[in-house]
Amino acid sequence: MHIKRRRGWEIPENLATPEAVFLSRRSLLGGAAGLAAASAFGRSAAQAEDALYPAKRNEAYTLDRAVTAERYSGDYNNFYEFGTSKTVLPAANALKTNPWTIRIDGLVEKPFEIDVEDLVRKTGLEERLYRHRCVEAWSMAVAWTGFPLAKLVALAKPTSGAKYVQFQTFMDKAVAPGQRQFFYPWPYVEGLTMAEANNDLAFMVTGIYGKPLPNQFGAPIRLAVPWKYGFKSAKSLVKVSFVAERPKTFWEGLQSSEYGFWANVNPAVPHPRWSQASERVLGTDQRVPTLIYNGYGEQVASLYTGLEKERLFV
Ligand SMILES: Nc1nc2c(c(=O)[nH]1)N[C@H]1C(S)=C(S)[C@@H](COP(=O)(O)O)O[C@H]1N2
Ligand SMILES: [Mo]
């Protein structure tokens, strides 16, 4: 059960809309003061971000439900690096996310490192409304800001031997107490096939609710793969590698009978310990039926033709 508690960091409810947050940022940064600061000192990081968010919404991605308010989604997170409870926000704030370099390597023309701000300048940003379905049978719907993973694949120039894309989260035991728990197979690793990575739905995320990602959501850059269980959407990425073999993922390393490589959402295939038929929508008292591929079958079902013998839904 998610219990609503008010915390120091929460702003009053009448200010909790993304629009209000944005407008107040704008009025602070805009106008003559902002211009003077810009000419005297160049563009500050805050001003660069102010220009990027909110990004233009891509109206091709629509929802069948309301967007989950940040006061629910932002205080109910899975980020095992910062502990196994859902309240990881205070611990996650210890992670320094600017500057942040991401490495692109493996079977590519030429491996490189790039600062996330520079990467975003190359790819541009857009906003998309996506559903998110955790394997634990809760769900949310959010406005992510980011760019198609396919754009990163194009920048990386993978060679013909690349069959999978592997995603790796930062590793820093000094900052992330969960990483001192030796029985977890750190660092957090996830993977997609090249075809999945190039599907238009696969999204690299740098923002949410019209602003840069708060740390607990996986700042400064994470994945969103909305037709798969949430654990595929790895957070706070430091490395994207193009590889020939299927990556061994964090959750497979922990419990492969329960969490496989494919992990496509399917209400008809129960988790070994619970049903996946329905989901609890964060911020509501409702359970709604879960949809195959989390409702994205039209865009992704064809990725799996000929793979019927695989454990596609675990
Ligand atoms: N590095 C890392 N990425 C992660 C996780 C994690 O523990 N560590 N949890 C996953 C799970 S199980 C889910 S449901 C989503 C949760 O994303 P959210 O906190 O933004 O809702 O992140 C995924 N990505
Ligand atoms: Mo999850």
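Threonine 84 is found in the loop between α4 and α5 (89-92); helices here are DSSP runs of H or I with at least four residues, strands are runs of E with at least two, and both are numbered from the N terminus. Threonine 84 is partly exposed, with a relative accessible area of 48%. For that scale, buried means under 20% relative accessible area, exposed means over 50%, and partly exposed is in between, with a 1.4 Å probe and protein chains only. In sequence, threonine 84 and glycine 178 are 94 residues apart, yet C-alpha to C-alpha they are 7.7 Å apart in space.

Before going on, the ground rules. This is a predicted model, in which local features need pLDDT of at least 70 and side-chain atom pairs count only at pLDDT 80 or more, while totals for chains, interfaces and linings use all residues. Residues are numbered from 1 along each chain as its sequence is written, chains are lettered from A and ligands numbered from 1 in the order in which they are written, and side-chain values use heavy atoms, with hydrogens and water left out.

Threonine 284 sits in the loop between β11 and β12 (287-289) and is partly exposed, at 29% relative accessible area. Its side chain has a polar atom 3.0 Å from the backbone nitrogen of glutamine 286. Such a polar contact is a pair of N or O atoms within 3.5 Å; within protein, one must be able to donate a hydrogen and the other to accept it, and residues adjacent in sequence count only if both atoms are side-chain atoms.

Now the whole protein. It has 10 helices and 12 strands, and 51% of its 314 residues count as buried. Taking contacts between residues at least 6 apart in sequence, 71% join residues at least 24 apart, where contact means heavy atoms within 4.5 Å. The accessible surface comes to about 14,400 Å², and 56% of it belongs to carbon and sulfur atoms. Those areas come from the Shrake-Rupley method with a 1.4 Å probe; for residues, only the protein chains shown count as cover.

On to the ligand. Which residues come nearest to ligand 1? Of the 18 around it, they are Asn77, Tyr80, Glu81, Ser233 and Lys235, and a residue counts as near if one of its heavy atoms lies within 4 Å. A backbone N or O atom of tyrosine 80 is 2.7 Å from an oxygen atom of ligand 1. Taken alone, ligand 1 exposes 530 Å², and the protein buries 99% of that. The shell around ligand 1 divides into nine nonpolar, six polar and three charged residues. In that scheme Ala, Val, Leu, Ile, Met, Phe, Trp, Tyr, Cys and Pro are nonpolar, Asp, Glu, Lys and Arg are charged, and the others, Gly among them, are polar.

Next, the interior. In soluble globular proteins, nonpolar side chains tend to be buried together. The largest nonpolar core has 81 residues, and Ile102, Trp144, Leu149, Ile221, Trp227 and Phe242 touch the most other members. Strand β4 (residues 138-148) supplies the largest share of this core, five residues. A core here is a set of buried Ala, Val, Leu, Ile, Met, Phe, Trp, Tyr and Cys residues joined through side-chain atoms within 4.5 Å. Leaving out residues up to four places away in sequence, tryptophan 144 touches residues including Glu126, Arg128, Phe203 and Leu213.

Glutamate 196, in helix α8 (residues 194-198), counts as buried because its relative accessibility is 1%. Its side chain makes a polar contact of 2.6 Å with the side chain of tyrosine 304.

Last, some backbone geometry. The peptide bond from tyrosine 53 to proline 54 is cis, with omega near -5°, and so is the bond joining tryptophan 186 and proline 187, with omega about -5°. Proline 54 is in the loop between α3 (45-52) and α4 (70-73); proline 187 is in the loop between β5 (164-169) and β6 (189-193). Alanine 263 has a positive phi of about 50° although it is not a glycine, and at 0% relative accessibility alanine 263 counts as buried.
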